[in-house]
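Trainee: I'd like to learn how to read strands, rings and a lone charge in a model. Can we go through one together?

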Amino acid sequence: MSEARAMRLKSLLATITVAAALIAAPALAKAPHVAWVPTWYAAPEPSGSAAVISDMTLRQIVRVSAGGSSVRLRLSNAYGSAPLRIDDIRIARRDSGSRIDPATDKAVTFSSHAGITIAPGAYALSDPLPLEISAHAALAVSLYVSAPTPLLTVHDIQRGALYTAPGNQTSAADLPDTKTDIGIGSAFPWLAEIEVSGTKADTALITFGNSITDGYGITPDSGATWPELLSRRLHDAGIPLSVVNAGLSGNRLLHHGTWARFGDGGLARFDRDVLAQPNAAAVIVLIGINDLGHAQGPGSAGYVSAEDMIAGLKQMAERAHERGLRIYAGTLLPFEGTVFEGYYSPEKETRRQAINTWIRGQSLFDGVFDFDTATRMSEAPLRLRPEFDVGDHLHPNDTGTAAMAGSIPLSAFDWAKKSSLVRDRIVSDGK
């Protein structure tokens with residue numbers, strides 16, 4: 001037998017031996033799939049501030065939508081210009097104020113390590129950790145930084161509360177009730193999302209818009225944004241959807257903000273804040289009033305036309321449907337008489353009416369929620385009802401957000417109940 005033939009025979013025998021061993025070996029068990037659903041969200045935006053903190057603990061209070069048995073956190077350095085180092089992170093159920101329930105206090109890890117360094121422009125997703133939370137519970141997320149750290153990536157509207165303390169006090173049962181001014185007003189940094197698993201609400205409804213959605217003017221730390229109130233209505237009706245808030249104060253549909261904290265334009269951030277959300281099933285879009293009220297940029301008179309805004313809304317509908325999401329449109333609220341100089345004019349009102357007329361009559365969206373009709377004065381339909389007005393004739397107060405949430409017909413989400421029944425049947429049949 002030639003040497004080459006002997007080598008080929010030896011290789012063939014080795015292959016047969018390996019194949020036989022693989023056939024005889026027990027099949028490797030696959031790790032069970034875990035469905036993660038966003039239960040709280042805060043769209044990142046640039047702070048426009050030169051503020052820096054060091055050797056400080058920040059405790060952020062958040063209210064979730066869906067409950068669950070496990071959680072994980074998503075942190076953001078989206079607008080950072082250097083690596084962001086967070087030395088220690090913990091999560092617990094809130095008791096009251098800054099006080100936590102110590103029995104629920106848990107360390108948050110990343111690849112089994114405490115702390116995380118996040119590259120500029122990047123995000124970090126924590127390890128899952130067991131934590132039983134109920135729907136609409138308040139959680140406390142405590143973060144500690146030791147080195148001087150600029151506050152470049154934030155979320156402007158403080159829907160909960162932010163407490164600060166010197167040194168590493170992430171596991172402290174309570175922090176001082178006095179809040180230190182850290183140079184970014186009512187904003188809070190870095191925390192972008194909390195996700196849950198082990199929840200009945202296994203898909204998410206994203207609410208996308210500006211300060212009216214984000215919660216400007218509502219009672220702080222009260223759970224009174226219209227998305228939060230809608231979440232409670234859905235929960236009480238047994239509709240399994242987690243409602244998360246992707247609003248940004250000052251946000252516009254077509255252009256980035258005239259001020260840094262107005263964030264990236266709606267079309268620019270739609271992929272990040274809606275389409276990239278895990279297990280997102282639907283989105284409600286309420287955006288455009290700032291496109292009417294704010295010019296394109298500082299010193300510019302570049303206001304956009306109603307036709308341009310309608311084209312932008314059409315793009316959102318197309319992109320949502322491409323990803324298999326349902327998308328609903330909200331009509332723009334009345335704003336005549338607003339106190340912000342130059343924000344309102346009769347010509348801008350004409351454009352608002354044209355946009356709302358198109359929204360009410362189009363067939364691209366899966367439904368329309370008429371927030372305009374729900375909040376306007378009957379005798380002066382270009383104005384916000386006084387009992388709904390935070391005082392600037394633009395933003396609804398707690399009563400106004402309740403009216404907005406209450407005007408949404410829950411029948412629009414019947415599909416979520418049906419989808420949940422199908423999934424339950426599949427799981428049951430597979431056992």
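Mentor: We'll start with pairing: two strands pair if DSSP finds at least two bridges between them. Keep in mind that this is a predicted model. Here, strand β21 (residues 203-209) and β22 pair in the parallel sense over seven bridges.

Trainee: Which residue of β22 does Phe-208 stand opposite?

Mentor: Phe-208 faces Ala-246 in β22.

Trainee: What is the strand order in the open sheet of five strands?

Mentor: Read across, the order is β22-β21-β23-β24-β25, and the pairing is parallel. The edge positions belong to β22 and β25 (367-369); each has a single partner strand, so one side of each is left without a neighbour in the sheet. On average, neighbouring strands here are turned by 25° against each other, direction ignored. At the β25 end, strand β24 (residues 326-330) and β25 run parallel and are joined by three bridges, with Ala-329 standing opposite Val-368 in β25.

Trainee: What is the order of the open sheet of three strands, and is its pairing parallel or antiparallel?

Mentor: That sheet goes β2-β17-β19, with antiparallel pairing. Its edges are β2 (45-46) and β19, each with a single partner strand, so one side of each lacks a neighbour in the sheet. Between β2 and strand β17 (residues 153-155) there are two bridges, in the antiparallel sense. Look for Glu-45, which stands opposite Val-154 in β17.

Trainee: On to rings. By what is a pair of aromatic rings described?

Mentor: By the distance of the centres and the angle of the planes. With centres within 6.5 Å as the limit, this model has eleven aromatic pairs. Take Trp-40 and Phe-188: their ring centres are 6.0 Å apart and their planes sit at 35°, so the pair is tilted.

Trainee: Which strands hold Trp-40 and Phe-188?

Mentor: Trp-40 lies in strand β1 (residues 37-41) and Phe-188 in strand β19 (residues 188-189), so the pair ties together parts that are 148 residues apart in sequence. Trp-40 is buried, with a relative accessible area of 6%, and Phe-188 is buried too, at 2%. Another tilted pair is Phe-369 with Phe-371, at 6.5 Å centre to centre and 55° between the planes. Both of those residues, Phe-369 and Phe-371, are buried.

Trainee: Last one, the charge. Where is Arg-252 found?

Mentor: In the loop between β22 (241-247) and α4 (266-275). Arg-252 is buried yet has no salt bridge, and the nearest side chain of opposite charge, Asp-291, is 5.3 Å away.

Trainee: What lies 3.5 Å from a polar atom of the Arg-252 side chain?

Mentor: The backbone oxygen of His-294.

Technical notes: Residues numbered from 1 in each chain as written. Predicted model: local features only at pLDDT ≥ 70, side-chain atom pairs only at ≥ 80, totals over all residues. Heavy atoms only, no water. Phe/Tyr/Trp six-rings, centres within 6.5 Å; stacked < 30°, edge-to-face > 60°. Helix = DSSP H or I, 4+ residues; strand = E, 2+ residues; numbered from the N terminus. Buried < 20%, exposed > 50% of the residue type's maximum accessible area, 1.4 Å probe, protein only. Lys, Arg positive; Asp, Glu negative; His and termini not counted. Salt bridge = Lys/Arg side-chain N within 4 Å of Asp/Glu carboxyl O. Polar contact = N/O pair within 3.5 Å; in protein donor to acceptor, adjacent residues only side chain to side chain. Axes fitted to C-alpha atoms, helices over the stretch in contact; angles between N-to-C directions.
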